Amino acid sequence: MAMTKTLSMISRTGRDLQRYNDGCRQVVGCIPYRYRKTNQLSTVQRTQIDDLEFLLISSQKSPRWMFPKGGWETDEALEDAALRETFEESGVIGEVEVQEFLGTWSFKSKSQGTFHEGHMFPLLVTDELDDWPEKTVRKRLWLKFSEAREVCWHSWMKEALDVFASKLTKRNKEEEEPRTCAFDELSYEQTIAAVSNSNPMFCEEPRISNEANDLNCEELRISLVAKPSVGKLMFNQESRTKPLFNEISNVANSMFSEEATMSTKAQKMFNEELGNSHVTPMFGEGKRISIAAFS
């Protein structure tokens with residue numbers, strides 16, 4: 001989240017508003033980061049961990065380096081406390097990435113001898129200020145990932161940094177994986193568009209030219225009798241849906257069922273009475289086939 005209110009130049013002190021959970025003091029902190037100036041393209045391309053720099057601050061009482069953190073108080077939301085503590089200790093502001101929450105760690109404070117629960121967020125730095133509440137007691141240091149992990153004093157903060165790197169790697173991997181969708185999950189229009197884009201030769205509705213297919217039904221019947229096996233193969237398929245195919249199929253099927261007996265009788269007559277000429281009606285009044293044999 002972005003900063004939505006004015007931050008005070010005076011750090012909060014005291015424990016009057018401090019939150020506790022079963023006796024554990026609630027602490028919240030951030031891992032401030034920015035894109036390295038030597039790799040500006042990272043903001044629009046896939047980001048790698050080495051494209052980033054991380055901000056660490058020194059302890060008030062020792063030269064140890066750590067990420068900014070502090071107490072979560074009862075009058076503020078967790079992300080607001082994270083932004084406030086980061087500003088007070090390191091003098092940077094930016095976007096607390098709530099959706100990328102890194103986790104909660106339980107640790108024991110060596111100075112106080114009590115257990116704390118630390119909640120950590122990433123914070124993308126948008127402004128680095130010259131003056132901040134704890135400027136006189138802390139130093140700032142921008143480091144690459146490997147360097148930041150090496151110098152960070154607290155082991156639980158190193159684990160939070162590792163979680164940040166793991167989330168970044170996972171996001172990059174998801175972006176690299178191709179996004180596919182089965183055709184049976186697409187609408188008719190989406191399927192046509194997908195196939196058309198991948199194959200310019202594809203035509204949405206292949207059409208049969210009437211000029212190239214002017215064979216009338218009567219001529220078709222004669223052609224089918226000459227080669228009945230071809231006719232059955234052509235017109236007994238289940239995938240014919242066009243009106244022209246339906247009409248032809250009906251004619252062919254009717255012809256095969258009604259005249260099969262007559263064709264068989266003609267063949268029998270031909271075999272038994274060689275030397276005679278027989279004329280067998282097969283297609284109605286207008287068409288006849290003469291079968292002639294010579295002894």
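View 1. The model is predicted: local features need pLDDT of at least 70 and side-chain atom pairs count only at pLDDT 80 or more, while totals for chains, interfaces and linings use all residues. Residues are numbered from 1 along each chain as its sequence is written, and side-chain values use heavy atoms, with hydrogens and water left out. Helices (H or I, at least four residues) and strands (E, at least two) are DSSP runs numbered from the N terminus. E7 and E8 (residues 115-128) run antiparallel and are joined by six bridges; two strands pair if DSSP finds at least two bridges between them. Six residues lie between the strands of this hairpin, and Gly-113 takes a positive phi near 70 degrees. Gly-103, Trp-105 and Phe-107 make up the covered face of E7, and Thr-104, Ser-106 and Lys-108 the uncovered one.

**View 2. Phe-54 and Phe-164 form an edge-to-face aromatic pair.** The structure holds six aromatic pairs. Rings of Phe, Tyr and Trp (its six-membered ring) pair if their centres lie within 6.5 Å; planes under 30 degrees apart count as stacked, over 60 as edge-to-face and the rest as tilted. For Phe-54 and Phe-164, the centres are 5.5 Å apart and the angle between the planes is 90 degrees. The pair links distant parts of the chain, with Phe-54 in strand E3 and Phe-164 in helix H3, 110 residues apart. Phe-54 is buried at 0% relative accessibility, and Phe-164 is buried at 8% (buried means under 20% relative accessible area, exposed over 50%, partly exposed in between; 1.4 Å probe, protein chains only). Tyr-33, Phe-54, Phe-145 and Phe-164 form one aromatic cluster.

**View 3. Arg-12 and Glu-73 form a salt bridge.** A salt bridge is a side-chain nitrogen of Lys or Arg within 4 Å of a carboxyl oxygen of Asp or Glu; a search of the whole structure finds 14. In the bridge between Arg-12 and Glu-73, the closest N and O atoms are 2.5 Å apart. Arg-12 lies in the segment before strand E1 (20-21) and Glu-73 in the loop between E5 and H1, so the bridge ties together parts 61 residues apart in sequence. Arg-12 is partly exposed at 33% relative accessibility, whereas Glu-73 is buried at 7%.

**View 4. Arg-34, Glu-53, Glu-128 and Arg-140 are linked in a network of salt bridges.** The side chains of Glu-53 and Arg-34 meet at 2.9 Å, N to O. Because Glu-53 lies in strand E3 (residues 52-58) and Arg-34 in strand E2 (residues 24-35), this pair ties together parts 19 residues apart in sequence. Glu-53 is buried, with a relative accessible area of 17%; Arg-34 is partly exposed at 22%.

**View 5. The largest pocket has a volume of about 1,100 Å³.** On a 1 Å grid over the protein atoms alone, a pocket is an open set of points where a 1.4 Å probe fits, with protein on both sides within 12 Å along at least five of seven lines; lining residues have an atom within 4 Å of a point. The lining comprises 34 residues, and those nearest the centre are Arg-25, Lys-69, Ser-111, Gln-112 and Arg-138. H1 supplies the largest share, four residues. Arg-138 is buried at 11% relative accessibility and forms a salt bridge with Glu-134, with 2.5 Å between the closest N and O atoms.

Key. Grid points are joined across faces, edges and corners, and a volume is the space filled by probe spheres set on the points.
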